[in-house]
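Hi,

Here is the structure I promised to pass on. Have a look at it first, and my notes follow below.

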Amino acid sequence: MTAALELNQIVGRHGQLQAIKGMTLRIDKGEVAAIIGANGAGKTTLMRMIAGLHPCAEGSIALFGSDVTAMPAHGRLKAGIALSPEGRRLFGDMTVQENLMIAAENGRRGDWNLASVCDAFSQITPLLARPAGGLSGGQRQAVAIARALIANPDVLLLDEVSLGLSPVAVDGVYQSLETLRGAMTMIVVEQDLTRAMKFASRVICMAEGVLELDGAPKNLTRAQITDAYFGIHKTADTAAGGAAHA
Amino acid sequence: MLEAIVQGVLLGGYYAVLAAGLSLMFGVVRFINLAHGDMAVLGAMIALWFVQGAGLHVAIAIALTLPLMGALGWLMQRMIFERALRGGFLIPILTTIGLGAALQNGMFGLFGSDTKSLGAYIGNLSWASWEIPGGIFIGQLPGYMFLTAILVLGAVHVLLTRTAFGRAVRATATDSEAAALCGVDARRVHRGAAAIAVALAGLAGIFLAMRAQVTPFAGPMLLIFAFEAVVIGGIGSLRGTLIGGIALGLAQSLGAMISPQFSLLAGHCVFLAVLAYRLMSGAAAGRGGWRATITALVFHKSMLRGKS
């Protein structure tokens, strides 16, 4: 398989705090990976680093073998990495169509355009003339994903897809995402474990800035995921280590 | 009285053009360019040099000066403001104070301290007027300036709302990080906005040189007028800038009816009244902090909503 994205010992810092601690990861072309982990695990920082919004203090990021570590966010979109960020970050005073047009005008040319994203996210069509600030959570998420998609990326990053959405809205968003399977590489940050296990072909669990668990959902037990999610092994090891030292 | 109102409205067009660049810089690049008035004077001086020094027609001088000023704005953003902005909120302010002083003394060195005017080069436009019903005379120059102001502000509005560059400007002004995720290079957008802002300042300077006289040290006064129009009308809205300019022009024109010395004071009084209203509105106190206070004072409307 061709590697779409390769992270090599990347370190991400927030001031003195090391949020990503030398993480190495390879995502193959066409793969659908879900990143899970408790709050503060470093998931959003990792996504921001891949998208170019957060600097890599150490290590490197490669897209299809090309080093993009020093490339700014707007350049990475043109290189083929698009992020639908946490909180959606739509331009609230602009219409939905304008939100989409900005990414279309500054992104890459390809199969995705206004008509095709409206086909994939049918709920967007009647909203095109409305200001993005007045949309519901589910509608905002659909527009945010469509905005990333219309830039014709090779790698689509989706941060906190279901956060703050009703179950019905989450179902709608994931139904649309299903249509993208196979067409592009997707990395989804998801708090809902069941949803992540069902949607992704690979689950990556992070805790405190490191990769704790990585594998296909069918090969992982619920207990393994829960332990990795809460860093239980690490806590137990630390406690044992502490006891041994004592 | 009616004549004073008409004159005030026409004067407002000039103030609106002067203020639009300042408003654009604060709204998009997020800093107050305290050298804005000096850049307006520089525009006037360059146009004067083209006319007096190179012997060109005024229209050709304007056509050459505006792109030159735009290029200067682009360069200043690229070479000076971008670096200053990395130093936080205060450094750009100090930088533009220094830039203003350098511009004033530079113009003094290059063009001398004599007052200069384009009035002698625009034929009878300086004094010609139209008579409208009611025995009111409207100066042709203020009339053309007002029309030009409407056309220029309208063109900037169309640029911001109907073009890819305009969408990128509005997106960057709203959320530069989200704009970067849409492939927008904020630095290029800022340079473009600075080019437009300085070209607008140059146009306002040329207007001033046509209707009055300029000296190398006139910039700070122009900055005050621009700032007052921006505060009265609200940053970010071109319609607000036009309304602010007209309100300032009206205040000065009506103030002059009371006494010629009261003209400028009346404009300052309107500015202070609007400022006091904003302070009492509690917006600044509610958000807290000196930066929020400044923002609440001059930024009461969301930047570049796409409404003119």
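The contact between the chains takes 18 residues from chain B and 22 residues from chain A, where two residues count as in contact if their C-beta atoms, placed from the backbone, lie within 7 Å. On the chain B side that touches chain A, α6 (164-174) and α7 (176-181) of chain B each supply at least two residues, and α6(B) gives the largest share, six residues. Helices (H or I, at least four residues) and strands (E, at least two) are DSSP runs, numbered from the N terminus. By class, that side of chain B has eight nonpolar, four polar and six charged residues; nonpolar is Ala, Val, Leu, Ile, Met, Phe, Trp, Tyr, Cys and Pro, charged is Asp, Glu, Lys and Arg, and the others, Gly among them, are polar.

Before you go further: this is a predicted model, with local features needing pLDDT of at least 70 and side-chain atom pairs counting only at pLDDT 80 or more, while totals for chains, interfaces and linings use all residues. Residues are numbered from 1 along each chain as its sequence is written, and chains are lettered from A and ligands numbered from 1 in the order in which they are written.

Now the sheet in chain A. Six strands make an open, mixed sheet in the order β6-β7-β8-β3-β9-β10, where strands pair if DSSP finds at least two bridges between them. Its edge strands are β6 (81-84) and β10 (210-215) of chain A, each pairing on one side only. The twist averages 20° from one strand to the next; axes are lines fitted to C-alpha atoms, for helices over the stretch in contact, and angles run from 0 to 180 degrees between N-to-C directions. β9 (residues 202-207) of chain A pairs with β10(A) in the antiparallel sense over five bridges, and A:Cys205 stands opposite A:Leu213 in β10(A). Helix α8 (residues 222-230) of chain A lies across β3, β9 and β10 of chain A, at about 35° to β9(A).

Over in chain B, four bridges join the antiparallel strands β1 (residues 129-132) and β2 (residues 136-139). They form a hairpin with three residues between them, and B:Gly134 in the turn has a positive phi of about 100°. B:Ile132 has B:Ile136 as its bridge partner in β2(B).

Last, a helix pair: α9 (residues 219-233) and α11 (residues 262-280) of chain B pack at about 40°, with their axes 9 Å apart. That makes α9(B) oblique to α11(B), since angles under 35 degrees count as roughly parallel, over 145 as roughly antiparallel, 65 to 115 as roughly perpendicular and the rest as oblique.

Cheers
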